[in-house]
Amino acid sequence: MNQTATKYAREIEDLFAKYPADRKQSAVMPLLHLIQRDFGFINKQAVRDVAEIVGITPTEVASVVGFYTLYHDTPQGKYRFQICNDLPCALRGADQFLAELCKSLGIQPGETTPDGMITVEAVMCLAACDKAPMFQVQGPQGITYHENQTVEGALQLTKELAGKEVKA
Amino acid sequence: MANEITLTIDGKQVTVPAGTLIVDAARELGIDIPVFCYHPKMEPVGMCRMCLVEVGRPMVDRATNQPVMEADGTPKLQFGPKMETACTTPVSAGMVVIGMSDKVKAARNDVLEFLLTSHPLDCPICDKGGECPLQNLTMGFGKGSSRFEFEDKQHNQKHVPLGELIYLDRERCIQCGRCVRFQKDLADDPVIGFYQRGRNLVIDTSSEPGFDSIFSGNTTDICPVGALTTADFRFGARPWELKSAASLCNHCAVGCNLTYNTRREAKSDGNVVIKRAMPRQNEAVNEIWLCDKGRFGYHFAESHQRLEKPLIRKDGELVESTWDEALDMAAKELRAYGFRFVSLASGRLSNEDLYEIKQLTENLHGQACLYSPMAGGDLTPLIGYADPQGLSRVGKGTVIVVAASNLHQEAPIWWMQVRAAVKRGAKLIVVNARSTRLDKFASAVVRYRFGREAEAVLSLVPAAETSGESGKIIAAAENLVVLYGSDGIGLEGSRQVAAASAELLRASNLLGKPGSGLLPVWQRANDQGAWDTGFTPVDDLAKVVSEADGVLIAGADPAGDHPAYAAALKKAKFIIVQEQFLTKTAQLADIVFPVQSMLERDGSYTNGTRRVQRFMPVVEKLPGTRPDYLVTAQVRQKVVHSNLEFISAAQVFMVLAAHLPDYQNLTYATLMETVPQHPILGRSDVYYGGTSFENRQGLGVQLGTAANRRDKYSLPAAPSTQNQLPDLEHAEELMAVPVAELLDTGTITQKSVLLGKRTSTPFALMHPKTAQQKGLAAGDKAKISLAGVTYQAVVRVDESVPTLHVLLPRSLGIPLDKPVLVKVIQ
């Protein structure tokens with residue numbers, strides 16, 4: 001039936017305890033976070049599950065997923081390298097950084113490495129304009145910022161992350 | 001008056017109630033401030049910025065708190081540095097609004113340029129072209145050319161079926177959110193929403209099936225561009241080719257006003273065909289809304305299964321005949337068998353038809369039966385809810401009781417209005433055996449086991465010992481409206497509920513106030529008219545019919561609905577049927593007269609609140625058919641040699657009005673009178689309220705009640721509070737009760753192909769425990785054995801349904817007209 005409800009039974013209980021009993025829908029974003037953390041994206045079934053759990057329609061849950069850029073509705077790499085190339089970052093070479101990193105990984109911006117580990121995508125402002133080139137990594141452990149980056153440093157990071165996976 | 005505010009808009013003074021928004025105040029002056037996202041029936045959001053105007057307010061000296069005056073003695077005005085949105089800014093005293101300066105025009109130009117950056121401008125192939133706010137306002141305020149690079153346009157999908165009924169063109173969408181807000185705030189079906197954001201923002205649905213709402217068609221009316229279109233009208237015609245004909249919806253007791261758009265088409269052999277149904281504003285009835293059944297359920301008239309020639313029975317077979325032969329035969333037989341004559345008619349017929357049938361029945365000293373499982377039509381002339389403003393203005397101070405009704409399915413527009421009334425401050429008490437979609441808006445919910453409806457309603461009487469919280473709510477009411485429906489009850493149950501509702505109203509001491517009264521949720525459009533013209537439902541219809549010598553059936557298919565009626569009809573000696581289709585009842589007839597549908601003729605209906613309204617001919621009549629009233633009149637002329645003076649509906653209505661006291665002084669002319677309605681909608685400036693039609697063809701006339709006139713009247717005694725149904729504790733069988741399903745397969749609904757895709761399938765709704773006892777789970781197919789016949793239904797479960805009961809839908813193939821015991825097996 002509702003696998004999300006079964007899988008996160010304890011977390012859901014804790015979340016609901018934080019909100020008034022008649023405001024279950026307040027838990028929609030933390031619930032989506034749980035799913036995003038564990039699966040890297042939120043599929044249609046998960047949307048329906050969450051809707052059932054918090055008592056709103058799947059359409060409303062999907063709207064939340066669609067609105068916030070850190071929720072994803074399609075599977076991509078385990079780690080998402082999100083490089084800001086808005087104007088101030090571009091002036092500090094973000095576009096070139098993005099192109100070179102992608103070239104080194106053998107993918108286009110928005111694509112994922114064949115091993116399914118790394119996705120590189122261009123995003124809007126991450127509020128670190130003075131420290132470009134910069135990116136954030138969204139992965140199972142959460143989000144980390146990486147500022148004043150070089151392509152070599154970024155490649156090193158991808159290797160470290162891949163290595164950690166092998167050990168795990 | 002203290003709560004009225006005077007302000008100046010474009011040099012003209014206007015006085016409006018406090019709290020009015022600038023855009024609405026301007027409207028009163030005939031000044032149109034363009035809007036996209038604003039809609040007068042919804043809360044403002046100020047998203048589109050189209051309504052920016054310059055607003056000046058009288059300057060106040062902060063030191064003295066006195067208005068600052070100019071040298072000439074007029075108040076000095078302070079204009080803000082920026083313009084304000086007229087749709088979110090309430091008026092204030094002395095305000096001066098400038099709605100047509102160069103600055104304002106420049107702002108409109110900018111907003112339009114912005115909206116058009118990715119709009120495809122495919123007006124030549126767009127259904128909205130010709131009645132499109134974006135098109136009109138671009139012509140009025142936009143640029144002739146675009147500064148935007150063509151390659152930079154955002155391209156989106158142009159053909160997205162949101163459901164079977166509504167298509168979305170994502171390129172045309174200007175993201176005003178009217179549809180999303182309508183579905184959430186008014187329809188309570190938030191099944192479409194925004195997805196993604198910025199330039200990627202699209203409207204999307206995640207419901208199963210897509211756009212799962214019975215109000216979906218309304219979004220196409222209020223969409224200010226051609227983004228949302230109906231499957232019915234998409235690429236069907238251009239708006240300027242269309243002619244309009246005023247009509248009424250004939251699917252339920254609300255009596256929604258609508259306008260059919262028609263044109264002649266080559267593919268229909270040059271005949272006039274209906275291209276779409278649009279709401280026609282009547283604030284006292286449906287405001288500007290229609291449910292999907294009303295909007296898409298008119299195709300029955302185009303069905304190729306329509307009867308075009310009279311049929312008579314010769315040597316046991318129904319064969320085609322001529323009108324003269326069939327009429328002569330009818331008259332001959334009726335003269336021979338006229339001792340025990342029964343007419344059976346339904347609220348599908350107009351007042352004129354029913355009046356003629358009633359006259360014939362009286363001439364033959366027969367019995368006029370109403371084909372309906374609901375009682376109480378004799379109470380409405382006494383204590384009916386007869387507020388000339390209808391439910392659309394009900395708010396604070398009013399208590400609404402909804403008893404034994406799944407209002408969402410029985411009368412969708414009233415459901416929407418009850419919900420809106422609660423938002424405006426009315427209190428709602430729901431009295432039902434199971435949970436319905438009104439429960440979450442209710443101040444109190446009263447549950448009962450089926451059979452104890454009357455007892456539950458009487459428990460609300462403030463003096464009753466059991467009344468509790470709901471009794472307190474009613475005791476504090478300034479007005480009381482009691483709606484009762486037919487959820488899980490047959491005629492006897494309905495009689496009990498009606499009497500109990502009347503008793504509740506009487507005990508409230510609020511009768512006589514125009515805003516208080518009884519409102520039956522009839523199943524058909526003109527059931528009330530049938531009561532008013534002298535038809536009453538009978539308890540044992542099968543017996544009455546089987547004992548009759550001659551039976552006239554019009555607008556009803558009892559044999560198709562229930563095998564018991566079919567068996568009874570087979571016993572009747574002589575049957576005349578007036579029908580559009582060769583129904584099962586018609587197949588049993590000795591004479592079948594082919595009649596016109598309501599779309600081919602004129603007439604009048606009396607809706608649930610007893611508002612008498614008129615409908616006009618929309619399409620040309622099917623050759624060979626005649627209107628019901630004429631058929632009956634011609635039979636009557638031959639039987640009793642009456643003068644055939646009534647050859648038009650208008651003439652029949654004149655006679656009817658002369659004979660029915662409540663209808664005195666009514667003529668078609670009075671039914672066609674209109675008064676200005678608020679909000680002012682439906683004019684050529686379609687951007688304000690959408691493409692609903694202005695009502696120029698009549699708002700109808702609300703009949704009064706004895707209570708409101710302070711006449712003397714007497715109500716039936718309060719019903720007994722005995723359980724009307726047997727005790728089930730030790731029964732092998734389950735108690736099956738009939739419930740309403742909006743999209744059923746009634747005689748006329750099932751001929752509307754478009755709705756067919758959304759029609760419900762037969763279901764058996766049970767408490768999960770009851771289902772379990774029978775070895776069933778949700779989704780299983782259950783076999784229901786009823787009077788020796790087995791029917792299949794898909795099991796649905798709901799914990800609010802009383803145990804040991806099974807709820808079966810009416811008009812979906814399972815014959816059930818009252819609670820009966822059935823066997824349910826796997």
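Which side chains meet in a salt bridge between chain A and chain B? In this predicted model, the partners are A:Glu60 and B:Lys184, with an N to O distance of 3.0 Å. The count of salt bridges between the two chains is 1, and 7 residue pairs, with both members at pLDDT 80 or more, are in polar contact across the interface. On the side of chain A that touches chain B, helix α5 (residues 58-67) supplies the largest share, 8 residues. By class, this side of chain A comprises 5 nonpolar, 5 polar and 3 charged residues.

The extent of the interface was examined next. Contacts join 13 residues of chain A to 14 residues of chain B. The area buried between the chains is about 1,000 Å², and carbon and sulfur atoms contribute 48% of this area. Within chain A, the most area is lost to chain B by A:Thr59, A:Gly66 and A:Phe67, which together account for 41% of what that side buries.

Helix α5 of chain A also packs within its own chain, against helix α4 (residues 44-54). The axes of these two helices come within 8 Å and cross at roughly 115°, and the crossing is right-handed. From α4(A), the contact involves A:Val47, A:Arg48, A:Val50 and A:Ala51; from α5(A), A:Pro58, A:Val61, A:Ala62 and A:Val65 take part.

Methods
Residues numbered from 1 in each chain as written. Chains lettered and ligands numbered in written order. Predicted model: local features only at pLDDT ≥ 70, side-chain atom pairs only at ≥ 80, totals over all residues. Heavy atoms only, no water. Contact = heavy atoms within 4.5 Å. Buried area = accessible area lost by both parts, 1.4 Å probe. Salt bridge = Lys/Arg side-chain N within 4 Å of Asp/Glu carboxyl O. Polar contact = N/O pair within 3.5 Å; in protein donor to acceptor, adjacent residues only side chain to side chain. Helix = DSSP H or I, 4+ residues; strand = E, 2+ residues; numbered from the N terminus. Nonpolar A, V, L, I, M, F, W, Y, C, P; charged D, E, K, R; others polar. Axes fitted to C-alpha atoms, helices over the stretch in contact; angles between N-to-C directions. Left-handed = near helix turned anticlockwise from the far one by under 90°.
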